[in-house]
Amino acid sequence: MSTSFPREAAGLSPDSATHGQTPPPVSALRTFGRLMRAEWTKLRTVRGWMAALLGGVAAMIALGLMTGAQGSCTPQRCAQPTGPDGQEVTDAFSFAHQPLTGDGSITVRVAEMDGLIPADPGTEAEDAGQGPQRADGPPSGMPGLAPWAKTGLMIKDGTRPGAAYAAIMTTGSHGVRMQHNFTHDRAGTSGNAPRWLRLTRTGELIVGEESADGHAWTKVGEVRLNGLPATVQAGMFATSPQYSRVDDGLIGTAASGGPSQVTGAFDHLELEGDWPAAAWTGTKIGGPIDRDVSGFGLTGPVFRVTGSGDVAPATAGLAGIGVTITQTLVGTFVALIAVVVLGAVVMTAEFRRGLVRTTLAAAPRRGRVLAAKAVVLGGVTFLVGLVAAVLVVEIGGRVMVSRGVYVHPVTTGIRTQVVVGTAALLAFSAVLAMALGTVLRRSLTAVTTGIVLIVLPYLLSLTALSGEAADWVLRVTPAAAFALQQSRPAYPQVDNLYTAALGYFPLPPWGGFSVLVAWTTAALVVAAVALRRRDA
Amino acid sequence: MNITVDSLRKRFGRTVALDGMSFAVEPGQVTGFVGPNGAGKSTTMRVILGLDRADSGSALVSGRPYRSLDRPLCQVGSLLDAGALQPGRTARNHLLWLAHSQGLPGSRVDAVLEQAGLTAVARRRAGGFSLGMRQRLGIAAAMLGDPPAVMLDEPFNGMDPEGIIWMRGFLRSLAAEGRAVLLSSHLMSELEGVADHVVVAGRGRTIADASIGRLLADTTRGRVVVRTADPAAKPALTEAGATVTEDSSGTLTVTGLPAEAVVTALNRSGIAFSEVAARRTSLEEAYLELTRDAVEFRAEEAR
């Protein structure tokens with residue numbers, strides 16, 4: 001065996017071939033490139049690490065594709081109307097209307113609101129003979145108003161579901177509101193029926209006013225309906241949304257509910273302008289064909305309109321139908337566990353056997369070593385996570401549709417936010433765990449801390465924690481970044497169970513992501529200081 | 001290329017690890033770094049590599065701090081702990097990431113694997129390696145950047161006799177190629193026949209820093225062994241100015257007189273003897289002599 005190292009065969013650049021000579025300065029970027037390459041080689045050459053990462057995302061994909069959900073939707077049955085802004089809307093209500101040509105106004109007094117809400121399952125036993133509540137059954141149960149039961153006046157561009165409208169209304173418990181085009185909502189006074197309401201049309205402008213006595217009027221709002229034709233349909237409407245009773249227990253949230261209905265009694269009707277029909281037509285607009293509770297009393301002086309449904313943005317979950325693409329990503333937490341373990345272990349493994357001394361002898365600039373490790377780990381988990389998220393959302397969504405589950409369509413922007421956000425959530429969590437590993441040095445401690453800090457809050461918010469506690473946890477812990485997976489906004493004017501399990505988070509997507517980024521940055525700073533200060 | 005260590009001081013809590021350690025490692029020779037366990041050898045090496053920070057003093061590689069080197073493995077190759085491996089990674093991949101960190105090609109990895117005699121096991125997981133094989137892998141890692149200076153901490157540990165012979169020859173050849181080699185050991189005997197120069201460390205400082213020849217000469221006090229049955233030998237030699245000790249078998253050990261003077265003194269008194277032999281001090285003895293204070297001090301401290 002030869003014991004010499006022939007220099008010619010070494011393949012070295014000339015600068016190192018001469019003893020004792022200082023190599024020419026090389027750009028920091030090139031040095032960093034070498035470090036990243038070294039860290040990538042380290043990462044890919046431990047089979048267990050790659051297996052953990054790929055196993056984690058495989059489980060995430062599997063959970064997304066093997067959904068237990070089953071529905072009876074076909075695209076025709078469950079498609080939602082499209083609103084003027086191009087978004088999916090719910091447009092189901094009872095409308096006593098007649099055409100109005102040109103400018104004009106309608107004034108009415110909502111004399112009374114009566115309604116039915118589903119019986120409380122806790123007291124159901126007392127309602128003999130009523131039988132169990134069925135979500136799609138006819139509204140039955142006890143008298144009461146859903147908080148967002150609506151009765152009032154509406155001016156609408158025809159009777160097609162999804163057509164532009166402006167409306168002023170009294171509600172079950174949210175006072176007087178002026179709403180238009182499904183997503184816009186403005187509060188008036190907190191007054192209830194009896195209440196005077198008025199809508200005035202001038203060109204494309206609609207002004208809504210309210211009054212307690214029919215004499216002193218207060219303007220609630222003024223909205224513009226772009227492209228409103230000369231002739232519109234105007235009149236009295238009533239609708240009442242899916243009613244949910246949410247019980248925030250000590251552990252978890254229980255919800256029950258079903259359809260509700262409302263009847264508005266209107267009097268003191270006054271019309272101004274050109275109302276050529278001179279008679280009222282009662283139309284049930286939108287809503288399921290197989291369930292009709294609408295009713296009209298169209299001969300004055302007291303008019304009655306009964307309706308069920310909602311005029312609002314479409315939602316998934318309890319208040320609406322179907323699911324969002326967020327629900328296909330239920331398995332994200334498994335991949336998250338995998339990347340947190342991986343992130344912690346790639347660093348603690350160095351400390352465990354003193355390998356960190358070899359690493360730092362090869363690269364004495366410790367901050368750069370940490371940065372290179374973070375970039376490589378983050379980059380790899382991001383790319384793997386991105387592939388997984390795209391597969392889950394695209395294929396998982398199709399699987400759901402094929403099983404008759406309605407999946408709400410989302411814009412390309414939102415879809416991108418959800419899949420890229422999921423990848424970013426995994427990447428930053430891995431880097432956070434790596435920083436924890438740098439500070440804590442021991443595998444068990446670092447992995448446990450990472451899981452408790454990042455994964456556990458999310459799982460608790462899905463299961464054990466309720467309401468405020470869950471929101472709190474999803475605001476301050478790194479799990480806040482799950483907000484990136486929210487694909488549809490939560491609307492205050494739609495009562496729904498806005499929980500993490502249904503894909504709603506307390507912070508906006510980029511707000512939640514910022515929380516994770518802040519955690520990761522802080523942990524990296526502490527890790528860099530610790531790595532520099534301590535002897536290796 | 002040389003490595004210079006100047007007045008390094010470092011404490012770990014209340015324990016003084018380095019207390020003014022100073023020496024230089026010159027190119028073209030093997031410098032042995034020897035001292036009892038706890039003398040500060042490993043700490044000194046870690047400080048040279050920028051792994052530990054000294055409280056004061058300097059450690060420079062060709063006049064520059066290690067931390068400022070661009071591709072440090074191409075300047076100083078080192079083996080501190082052969083067990084510092086990721087067990088799941090193969091020998092080749094272990095060297096490959098190191099090569100990549102220095103911008104070196106994979107062909108360089110295959111070259112050092114060949115030199116260290118590890119080609120056959122290159123694709124085996126390092127976790128299954130014996131200590132001797134890990135030492136060879138560590139040597140391969142140290143040679144990856146073809147560095148002009150090499151620093152090895154206790155490289156003979158766990159090596160079989162064949163490995164030790166290989167290692168000695170290998171280290172000699174590195175010096176012959178003009179490299180500076182620093183080799184630590186707690187056993188002076190391991191350095192015999194390898195080191196040209198020895199730095200003896202004790203209690204965190206340099207006790208001796210000299211060539212092997214100087215070290216032996218300095219610590220050699222003439223020692224002559226005399227075998228005789230004549231009880232008059234001892235007083236006769238004492239009279240001649242020597243210090244004489246007698247062991248149980250009657251063999252006299254004479255110090256303070258060269259062998260010729262011993263023979264003259266015995267002849268003058270007409271004493272018959274069967275053997276007079278001059279004994280050269282071994283490196284091990286010289287080392288024990290030098291470090292006696294350090295070890296004794298430590299033993300007392302421990303009490």
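Predicted model: local features only at pLDDT ≥ 70, side-chain atom pairs only at ≥ 80, totals over all residues.
I started at His268(A), which sits in strand E14 (residues 261-274) of chain A; strands here are DSSP E runs of at least two residues, helices are H or I runs of at least four, and both are numbered from the N terminus. His268(A) is not a glycine, yet its phi is positive at about 50°. The cut-offs are 20 or more other C-beta atoms within 10 Å for buried, 12 or fewer for exposed, and partly exposed in between, with C-beta atoms placed from the backbone.

Residues are numbered from 1 along each chain as its sequence is written, and chains are lettered from A and ligands numbered from 1 in the order in which they are written.

I found Phe182(A) in the loop between strand E6 (176-180) and E7 of chain A. Phe182(A) has 27 C-beta neighbours inside 10 Å, so it counts as buried.

Then a cis peptide: the bond between Ala193(A) and Pro194(A) has omega at about 0°. Pro194(A) belongs to the loop linking strand E7 (184-187) and strand E8 (195-202) of chain A.

Chain A overall: I get 11 helices and 18 strands, and 50% of its 536 residues count as buried. Of its contacts with a separation of 6 or more, 77% come from residues 24 or more positions apart; a contact means C-beta atoms, placed from the backbone, within 7 Å.

Helix pair in chain A: the axes of H7 (residues 366-402) and H11 (residues 509-533) come within 9 Å and cross at roughly 140°. That makes H7(A) oblique to H11(A), since under 35 degrees is roughly parallel, over 145 roughly antiparallel, 65 to 115 roughly perpendicular and the rest oblique. Axes are lines fitted to C-alpha atoms, for helices over the stretch in contact, with angles from 0 to 180 degrees between N-to-C directions. On the H7(A) side I see Arg366(A), Gly367(A), Leu370(A) and Ala374(A), and they meet H11(A) residues including Leu524(A) and Leu531(A).

On to the interface: chain A puts in 39 residues and chain B 49. On the chain A side, H2(A) gives the most, with seven residues.

Chain B has 10 helices and 13 strands, and its C-alpha trace spans about 75 × 45 × 35 Å along its principal axes.

I traced a sheet in chain B: six strands, open, in the order E5-E6-E7-E3-E8-E9, with mixed pairing. Strand E5 (76-79) and strand E9 (205-211) of chain B stand at the edges with a single partner strand each, so one side of each has no neighbour in the sheet. Strand E8 (residues 197-202) of chain B pairs with E9(B) in the antiparallel sense over six bridges; pairing needs at least two DSSP bridges. Val199(B) has Asp209(B) as its bridge partner in E9(B). Helix H5 (residues 161-176) of chain B packs on the sheet, touching strands E3 (29-34), E6 (149-153) and E7 (180-185) of chain B.

How values were computed: Contact = placed C-beta atoms within 7 Å.
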